[in-house]
Amino acid sequence: MDADTTADDLVADVVILGTGPGGEAAAGALARAGLQVVAVEASLVGGECPYYGCIPSKTLLRSAELLADARRADEAAGKVSVVPDFSTAYARVREITADWDDSAAVKRLQDQGVRLVRGTGSIIGPGRVRVDDRTFRAGRGILLDVGTRPAVPGIDGLSDTPYWTNRDLLRSPDLPTSLLVLGGGAVGLELAQAYARYGTTVTVIEGADRILAQEEPEASALLAAALSEDGITVRTGSGAVSVAHDAGRFTVTLEDGTALDAQRLLVSAGRAPNTDRLGLDVVGVPTQHGYLTTDEHQRILADGAPVGGLWAIGDVTGRGGFTHVSMYQSAIAVADIRGQSGPGASYRALPRVTFTDPEIGAVGLTEAQARRRGLDVRTGSADLAASSRGATYGPGNRGLIKLVADAERRVLVGATSAGPAGGEILGALTVAVQAQVPLTELVRTIWAYPTFHRAIGTALADLS
Ligand SMILES: Cc1cc2nc3c(=O)[nH]c(=O)nc-3n(C[C@H](O)[C@H](O)[C@H](O)COP(=O)(O)OP(=O)(O)OC[C@H]3O[C@@H](n4cnc5c(N)ncnc54)[C@H](O)[C@@H]3O)c2cc1C
Ligand SMILES: NC(=O)c1ccc[n+]([C@@H]2O[C@H](COP(=O)([O-])OP(=O)(O)OC[C@H]3O[C@@H](n4cnc5c(N)ncnc54)[C@H](O)[C@@H]3O)[C@@H](O)[C@H]2O)c1
């Protein structure tokens, strides 16, 4: 026992705070490797993704997409009568989240030898964690995967209203007649489209001058047109400044003075990292707007140097709020904690997909980001609707491929794949960006006919 350890400390090799997707995977991997692992979870094992994020939202979106396809059938197949039933979609959400019950995930962890501790953990000294009245001593160190919670902007009046976040919406069995969506990022747009297709009157409020503002403007425009066809009103360029709730209705006032009114309000205005009550100051770890800085092996840095015995993964590392980032970093952290050498993290080909219809997939740099880096940028694009597959596909064929190349190195540095299965087509482009496949090789690649991904060939031709 060292000087910092008290007789009451429960000893482990690794203590994991937060079992988001990466934390859960790391706990299992480290335990299977023979380490004593304590995993501390304040809510549900698995984190936001399986219960309030990716999984229920994609389930809801798939139901809504089936409705949209059935409605489009008129144009290409024959009359189809569509009777939307939200309770059918909601039943699928309940099933896939196991009614927000994590028993299966808990059993999975315990079967691998992980000790799960329910509660909110905080760091009380180097290698030491407190959860309620218990203290744990981590011999090798502490892995943080504490994730984020919905950010609630400081808009006048908002905090006094019964607004929804993604968590409330995805647990609601009732479909509102009308919904205001505050924030036109991935959360807001996906949920807006799902509800609109079930019949809710939806208005999206986005303060920036376009929705999905981090992605290519062409992708934002494509999606805005599709959402408009779904009957969604998209208001951009004027943020919300005040919110009121009276007689069961929300009124949101925008910067330009417009007042919007609906039965429900979804706040989807970004995320806040759960690092504020972690005790990071006790071990001298600074945050930047709540996010942690790590090196390429997920070791937490303070003043540019690893703190020692502290790793972080997932949304709190600020490398992109995606489950695949959490999982990717998890494997890297596990290797480092085990003392194994291995490749560090690389974000050259970070993919992201917004699962609206059309799906907006993107990887690497946008054109604007590449230009800001001073690259010699060339772009090429192709219209999916104008492709042979687009012509045969008919209704719902809108989409595009946009490529961003570094003309000096003659490789792709970024790409967008929007359209039907845009996220699936993105796979080929992700490999091209990650492996830095020379443009000469991409140009001589045979793309199957008539596929949507064949439009990559068209966009490559457009590059030159
Ligand atoms: C509506 C929605 C849809 C999404 N869709 C997608 C998608 O399609 N694809 C995708 O890649 N990503 C998606 N995301 C993002 C994705 O959910 C996150 O990136 C993912 O969950 C990874 O998060 P994480 O590992 O940082 O941990 P999280 O999932 O945030 O989990 C962190 C866990 O830590 C726990 N915790 C926090 N503090 C403590 C503490 N002090 N002690 C103990 N436990 C603590 C929390 O209770 C939580 O369970 C979506 C998000 C939302 C909101
Ligand atoms: N398919 C996916 O992979 C997926 C799906 C959902 C969420 N996520 C992740 O979850 C995280 C959160 O997503 P999000 O959509 O909540 O955040 P976001 O940051 O992507 O978008 C929030 C939007 O709200 C706008 N906004 C903020 N305050 C506003 C105001 N007062 N008035 C009007 N607009 C305002 C911002 O301009 C921004 O465009 C992201 O990291 C995202 O990557 C991923």
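Strand 22 is mostly covered, eight of its nine residues being buried, where a residue counts as buried if 20 or more other C-beta atoms lie within 10 Å of its own, as exposed if 12 or fewer do, and as partly exposed in between, with C-beta atoms placed from the backbone. Helices (H or I, at least four residues) and strands (E, at least two) are DSSP runs numbered from the N terminus. The structure is a predicted model, in which local features need pLDDT of at least 70 and side-chain atom pairs count only at pLDDT 80 or more, while totals for chains, interfaces and linings use all residues. Residues are numbered from 1 along each chain as its sequence is written, and chains are lettered from A and ligands numbered from 1 in the order in which they are written.

The chain as a whole has 14 helices and 22 strands. Its radius of gyration, taken over C-alpha atoms, is 24 Å, close to the 23 Å that the globule rule gives for 464 residues, so the chain is as compact as a globular protein of that length; the rule is 2.2 Å times the number of residues to the power 0.38. Along the principal axes, the C-alpha atoms fill a box of roughly 75 × 65 × 45 Å, and buried residues make up 47% of the 464 residues. Of the contacts between residues at least 6 apart in sequence, 66% join residues at least 24 apart, a contact being a pair of residues whose C-beta atoms, placed from the backbone, lie within 7 Å.

An unreviewed UniProt entry lists residues 351–459 as "domain: Pyridine nucleotide-disulphide oxidoreductase dimerisation"; UniProt positions are given in the numbering used here, feature names are shortened, and annotations may be inferred rather than shown by experiment. This span is 32% helix and 30% strand, and its end C-alpha atoms lie 19 Å apart.

On one pairing of strand 22, six bridges join it to strand 19 (residues 359–364) in an antiparallel arrangement, with A362 standing opposite T416. Strand 21 (residues 400–406) pairs with strand 22 (residues 411–419) over seven bridges, also in the antiparallel sense; here T416 is the bridge partner of K402, and A418 stands opposite L400. Strand 21 and strand 22 form a hairpin with four residues between them, and R410 in the turn has a positive phi of about 55°. Within strand 22 lies G414, which counts as buried with 27 C-beta neighbours inside 10 Å. Not counting residues up to four places away in sequence, G414 touches V363, G364, L365, T366, A370, V404 and V433.

The feature "binding site" is placed by the unreviewed UniProt entry at K58, G121 and D315. These positions span 258 residues in sequence, and the farthest two C-alpha atoms are 30.5 Å apart, so they do not all gather at one spot. G121 is found in strand 4 (residues 121–125) and is buried, with 27 other C-beta atoms within 10 Å; leaving aside neighbours within four places in sequence, G121 is in contact with L17, V40, V129, R130 and V131. D315 lies in the loop between strand 17 (305–312) and helix 9 and is likewise buried, with 27 other C-beta atoms within 10 Å. With the neighbours within four places in sequence left aside, D315 is in contact with G147, T148, R271, P273 and G321.

Helix 9 (residues 323–337) has 15 residues, which at 1.5 Å a residue should span 21 Å, and its end C-alpha atoms are 21 Å apart, which agrees; the expected span is 1.5 Å times one less than the number of residues. Just after helix 9, G339 takes a positive phi of about 80°.

Terms used: Two residues are in contact if their C-beta atoms, placed from the backbone, lie within 7 Å. Two strands pair if DSSP finds at least two bridges between them.
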